[in-house]
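Keep the 3D view open as you read.

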Amino acid sequence: MIVLGIESSCDETAAALVDGDRNILADVVLSQLEEHRPYGGVVPEIAARSHLEHVDRLVAEAMERAGKRFADIDAVAATGGPGLIGGVMVGVMTAKAIALASGKPFLAVNHLEGHALTARLTHGLEFPYLLLLASGGHCQLLAVLAVGEYRRLGSTIDDAAGEAFDKVAKMVGLGYPGGPLVEKAAAAGDAARFALPRPMKGRPGCDFSFSGLKNAVRLLVETLPKPLSATDAADVAAGFQAAVADSIADRCRRALAEFRQRWPAGNTLVVAGGVAANKALRARLEAVAGEAGFAFLAPPLGLCTDNAAMIAWAGLERFRLGLVDGLDFAPRPRWPLDPNAAKLGGAGVKA
Ligand code: KG4
Ligand code: ZN
């Protein structure tokens with residue numbers, strides 16, 4: 001079985017082919033980073049136009065690299081949401097057109113389900129497991145129970161973790177995107193010099209919050225001489241990163257305990273999303289997982305961040321179960337994986 005996947009929900013245009021034996025036959029990703037850099041963040045209109053401009057070529061390139069024609073594939077999957085709606089529409093319309101022209105079934109994949117099932121593509125991981133998804137748009141803890149069956153144990157009540165990294169990088173003058181730059185600066189900094197809050201630490205539940213910490217960093221930076229010296233910037237970055245790691249570790253510790261009680265068959269903590277690239281955070285999470293008797297699994301970086309292999313794979317898993325979507329599927333800007341948890345979301349929660 002071979003599935004073509006298309007991803008276009010944020011600032012990466014991507015196309016990939018995977019097969020039922022967990023082989024990635026092709027995986028092409030075009031980042032729009034340079035187009036958005038002057039604005040210090042993703043501009044939805046620019047993103048949508050750029051997806052439209054590049055998606056056909058990327059699909060053709062993926063097909064060529066895999067050495068396949070549309071007649072060789074079994075289904076076409078595209079991210080159907082959640083995400084920036086203009087971009088999602090481009091991917092969905094492209095996939096529908098290919099499906100219609102080639103007579104293949106169409107699958108609308110939830111972007112979060114793509115992230116959630118990646119560990120099954122890369123490691124053949126069995127259900128159930130606990131997933132921390134921390135990216136520029138999302139920060140949530142999900143119990144992954146089966147294809148289409150997820151329980152959200154926690155979610156950010158305001159900003160995503162990656163967004164906080166990006167904003168802090170801007171405040172201390174490091175540039176965009178902030179995560180890798182903050183991590184680099186933090187390596188030379190003194191995390192203990194400035195006292196910063198650990199949002200939600202010790203609170204019941206597994207929700208996250210980053211806006212208070214972001215604000216604390218802003219107030220701190222206001223007290224420092226401008227322009228910031230390299231030492232001050234490094235110390236702020238280190239302090240911020242330590243606070244984020246502490247906060248996320250605390251939330252994960254609680255989620256692992258809850259997971260163990262409710263789904264004792266599972267014993268793996270999986271991380272995904274761009275923030276999962278952070279080595280300091282990874283080390284903390286690996287320790288937290290170990291203390292709780294869980295294995296720690298991080299898919300290769302290119303499959304942690306946005307890509308189409310995860311969309312093709314989630315499509316393949318759904319297709320294997322006989323799930324397909326109609327060509328009347330409407331793209332969804334919001335699409336929670338766990339509909340029962342959706343009501344708990346606060347302002348700024350993107351899924
Ligand atoms: O998953 P991703 O590539 O795209 C989506 O948001 O969907 O995640 C990007 C986010 C950005 O906010 C970026 O600053 C953050 O992940 N990030 C990092 C690191 N690398 C990327 N955050 C902390 N440490 C990093 N090394
Ligand atoms: Zn993503």
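Predicted model: local features only at pLDDT ≥ 70, side-chain atom pairs only at ≥ 80, totals over all residues.

A zinc ion, ligand 2, is held by three named residues, His-111, His-115 and Asp-306. The largest pocket holds about 1300 Å³ of space.

**The sheet**

- Strands of a sheet pair through backbone hydrogen bonds, and the pairing can be parallel or antiparallel.
- Strand β4 (residues 75-81) pairs with β5 in the parallel sense, over 5 bridges.
- Thr-79 stands opposite Val-109 in β5.

**Helices across the sheet**

**The zinc site**

- Which protein atoms are donors to the zinc ion (ligand 2)? They are NE2 of His-111, NE2 of His-115 and OD of Asp-306. These donors lie 2.1 to 2.2 Å from the ion.
- Along the chain, the donors follow the spacing H-x3-H-x190-D.
- His-111 lies in helix α4 (residues 111-123), while Asp-306 lies in the loop between α10 (301-304) and α11. The pair therefore ties together parts that are 195 residues apart in sequence.
- Both His-111 and Asp-306 are buried.

**The largest pocket**

- Rolling a probe the size of a water molecule over the atoms shows where empty space is left.
- The largest pocket has about 1300 Å³ of space, and 45 residues line it.
- Which residues are closest to the centre of the largest pocket? They are Cys-10, Ser-135, Gly-136, Gly-137 and Asp-166.
- Helices α4, α5 (161-171), α6 (178-187) and α10 each supply at least two residues of the lining.
- Helix α5 gives the most to the lining, with 6 residues.

**Cis peptide bonds**

- The peptide bond from Tyr-176 to Pro-177 is cis, with omega near -5°. Pro-177 lies in the loop between α5 and α6.
- Lys-226 and Pro-227 are also joined by a cis peptide bond, with omega about -10°. Pro-227 lies in the loop between α7 (211-222) and α8 (230-262).

- Arg-22 is not a glycine, yet its phi is positive, about 70°. Arg-22 is found in the loop between β2 and β3. Its relative accessibility is 38%, so Arg-22 counts as partly exposed.
- Met-200 is not a glycine either, and its phi is positive, about 70°. Met-200 lies in the loop between α6 and α7. Is Met-200 buried or exposed? Met-200 is buried, because its relative accessible area is 12% and the cut-off for buried is under 20%.

**An exposed methionine**

- Met-93 is in helix α3 (residues 85-102).
- Why does Met-93 count as exposed? Its relative accessibility is 51%, and exposed means over 50%.
- Met-93 and Leu-133 are 40 residues apart in sequence. Their C-alpha atoms are 27 Å apart in space.

Technical notes:
Residues numbered from 1 in each chain as written. Chains lettered and ligands numbered in written order. Heavy atoms only, no water. Pairing = 2+ DSSP bridges. Helix = DSSP H or I, 4+ residues; strand = E, 2+ residues; numbered from the N terminus. Donors = N, O, S within 2.8 Å, 3.2 Å for Na, K, Ca; no water. Buried < 20%, exposed > 50% of the residue type's maximum accessible area, 1.4 Å probe, protein only. 1 Å grid on protein atoms, 1.4 Å probe; cavity = no way out; pocket = protein on both sides within 12 Å on 5 of 7 lines; lining within 4 Å. Points joined across faces, edges and corners; volume = space filled by probe spheres on them.
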